Amino acid sequence: MQFHHHGYVSGDPRVQPAAGVGLDRPDELPNEVDVLIVGAGPAGMIAAAQLSQFPGVVTRIVDRRDGRLAIGQADGIQPRSVETFQAFGFAGRIAEEAYRITEMCFWHPDPADPARIVRGERPPDDPDGISEFPHLIVNQARVLDYFAEYMARSPSRMVPDYGYEFRGLVRSDDHVTVTLVRTAGDRAGQEKVVRARYVLGADGARSRVRESIGCTMRGDSAFHAWGVMDVLAVTDFPDIRLKCAIQSGAGGSILLIPREGGHLFRMYVDLGETDPDTHHEVRSTTIDQIVARAQEILRPYTLDVRDVAWHSVYEVGHRLTDRFDDVTAEEAGTRTPRVFIAGDACHTHSAKAGQGMNVSMQDGFNLAWKLGYVLSGRSPESLLATYSAERQVVAQNLIDFDKEWSALMARRPEDADDPGQLAQFYVRTTEFLFGFMTQYAPSMIVAEPTHQALAAGFVVGKRFKSVRVVRVADANPVHLGHEHRADGRWRVYAFADEESSALAAWAEGVAGQIPADVVEVKAVYQQRQAEVDISTVPTLFLPRTGPFDLIDHEQVFATHPDEDIFEQRGVDRRGAVVVVRPDQYVAAVLPLDAPEELVAFFRQHLLTEG
């Protein structure tokens, strides 16, 4: 963390100096804003948190609740999300309070007595070391709390505007008129009209924003019901503090998720197939019936539920919208979007794969920095069309995956070819489950993989996979990717050639050609830290910062003695350039001997040079 560059900081350095709209932020929701976010769930809050780093952009987030969420339905935090939390500065703190998944146990009917269950496979959660980040379980409400803290400490001093419900919108060429209704306080029932340049609907599966732009959810229902409960209970089931998939001979299954705090756990309890004509009746299933079903599946073990924190009943449904913005197929290419939707407003699926909140947050992260760049005059409006193009593919992949996972979970053991089939699927799809399979197609912000061989391990279109390096200035070992903060800036990693002569020439060719305020350039040397002479490093990698024109010494790195990044990620010893977007995805791999290619790439989507 860097601070003091604007003068001595005696307080919490995570509280950034107020700037722009944060200098005199009105408490009352203004009549005109740049971005209005509807819904303070995971997609909306991460979008607001990212936009809070653009203090010249007026962003407000509204929610129909009268205050913070107390308990959320989602709880699974995949490593890609923890990686994202690292960028927002709270990965370590949320991990301390969360439950960490290290292995998963699979239980099957006892071949000698199918009325009983026995433990089968217990694979490690990350057998191939896909990520250095943990797989966590923590309540959604706490995730939202951390994003709210980040927003409040940002230059924009942003806080959610609770107690407003979305009623409708009217679009024009250059703005959107939104009608809200107050849901709380002395003015409950009063209308509030807000004029916004852009609107993001992150208002859930029953999204009114989605309806207002004519999007419909398409998909199907599996007509299979599940009861879910967060409980405190006394049980002799030996794996109660391990994530488990339990399939019983009596029929039915349970997905067991231990929760944070050491005592609470969640159970997804199979309630069986439903009749297409009367399937909604299953929603009247009582908590006592869910508990009784769980007790039956767990035999010979007992389950004595002492307290129920939350419970619900749902049917598996897989639905997706045909677009994530207000531009219809007929309008494509003729205008840019004004209204967007994200999260459950775009895609719904079962909760058992633990993907809903995770994918929703990546929706919001993807869109927010793009809105920030367009509204701050850094990028053309055409950038906004990449949101729907990129995220709809991801959502479709999720639904395809969830259909298979849900079907395997619901399958009766006697119908399976192999009792270990579910465990095998879980291990085989770990990279997807962890959130690392996303790969964006070439576009104005993702280059063709023409030079991929120069850095084979940094796959164009996929997230930047970190490796440990050593910071030259202070000899501290750090994860290179962990230095990427969610401040809205691009990162360019210049991997030096063996003699560093090509690096010096590249730095000279790039200097002054790309905007230094939104593109942070870093150098990675092949030598060990003690062998890099900081006085010979090109000044491009020693930028000046703050009102005192101080030198930033923290953008120069050397290889780690135990983990050579050039070997780990297949970086050519002749050097290479890796460009990473503000949302941590690799945008380009380019040659070190062609600085003009980097300049040309940025000129596709950055309007201000130098």
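Helices (H or I, at least four residues) and strands (E, at least two) are DSSP runs, numbered from the N terminus. The model on screen is predicted: local features need pLDDT of at least 70, side-chain atom pairs count only at pLDDT 80 or more, and totals for chains, interfaces and linings use all residues. Residues are numbered from 1 along each chain as its sequence is written, and side-chain values use heavy atoms, with hydrogens and water left out.

**Domains**

Colour the chain by domain: domain 1 is 20-71 + 139-218 + 319-427, domain 2 is 102-132 + 221-316 and domain 3 is 452-604. These bounds come from an automatic or database domain assignment. The centres of domain 2 and domain 3, taken over C-alpha atoms, are 47 Å apart.

Next select 438-607, where an unreviewed UniProt entry places the feature "domain: Phenol hydroxylase-like C-terminal dimerisation". UniProt positions are given in the numbering used here, feature names are shortened, and annotations may be inferred rather than shown by experiment. This span is 13% helix and 22% strand, and its end C-alpha atoms lie 28 Å apart.

Go to H2 and show its side chains. Of its 10 residues, 10 are buried, so H2 is largely enclosed by the rest of the structure. Buried means under 20% relative accessible area, exposed over 50%, and partly exposed in between (1.4 Å probe, protein chains only). The buried residues of H2 include Arg80 and Glu83. They pack against H1, S3, H3, strand S7 (135-137), H4 and H7; contact here means heavy atoms within 4.5 Å. Glycine 89 follows H2 and has a positive phi, near 85°.

Move to H4 (residues 140-152). From first to last C-alpha its 13 residues reach 19 Å, close to the 18 Å expected at 1.5 Å a residue; the expected span is 1.5 Å times one less than the number of residues. At the N-terminal end, asparagine 139 caps H4, with a side-chain oxygen 2.7 Å from the backbone nitrogen of alanine 141. Among the buried residues of H4 are Asp145, Phe147 and Tyr150. Elements packed against the buried residues of H4 include helix H1 (42-51), helix H2 (79-88) and helix H7 (356-375).

**The core**

Select Phe147, Trp490, Trp506, Phe541, Val579, Leu598 and Phe602, the residues with the most contacts inside the largest nonpolar core, which has 112 residues. H7 gives the largest share of this core, 10 residues. Domain 1 and domain 3 both give residues to this core, so it lies between them. A nonpolar core is a set of buried Ala, Val, Leu, Ile, Met, Phe, Trp, Tyr and Cys residues joined through side-chain atoms within 4.5 Å.

**Aspartate 325**

Centre on aspartate 325, in the loop between strand S16 (303-321) and strand S17 (339-341). Its relative accessibility is 5%, so aspartate 325 counts as buried. A polar atom of its side chain lies 3.0 Å from the backbone nitrogen of valine 327. Leaving out residues up to four places away in sequence, aspartate 325 touches Ile213, Cys215, Pro337, Val339, Phe340 and Ser388.

**Backbone stops**

Most residues other than glycine have a negative phi, and most peptide bonds are trans. Arginine 299 and proline 300 are joined by a cis peptide bond, with omega about 20°. Arginine 157, in the loop between H4 and strand S8 (161-162), has a positive phi near 55°. Aspartate 549 also has a positive phi, near 55°, and is partly exposed at 42% relative accessibility.

Definitions and conventions
A polar contact is a pair of N or O atoms within 3.5 Å; within protein, one must be able to donate a hydrogen and the other to accept it, and residues adjacent in sequence count only if both atoms are side-chain atoms.
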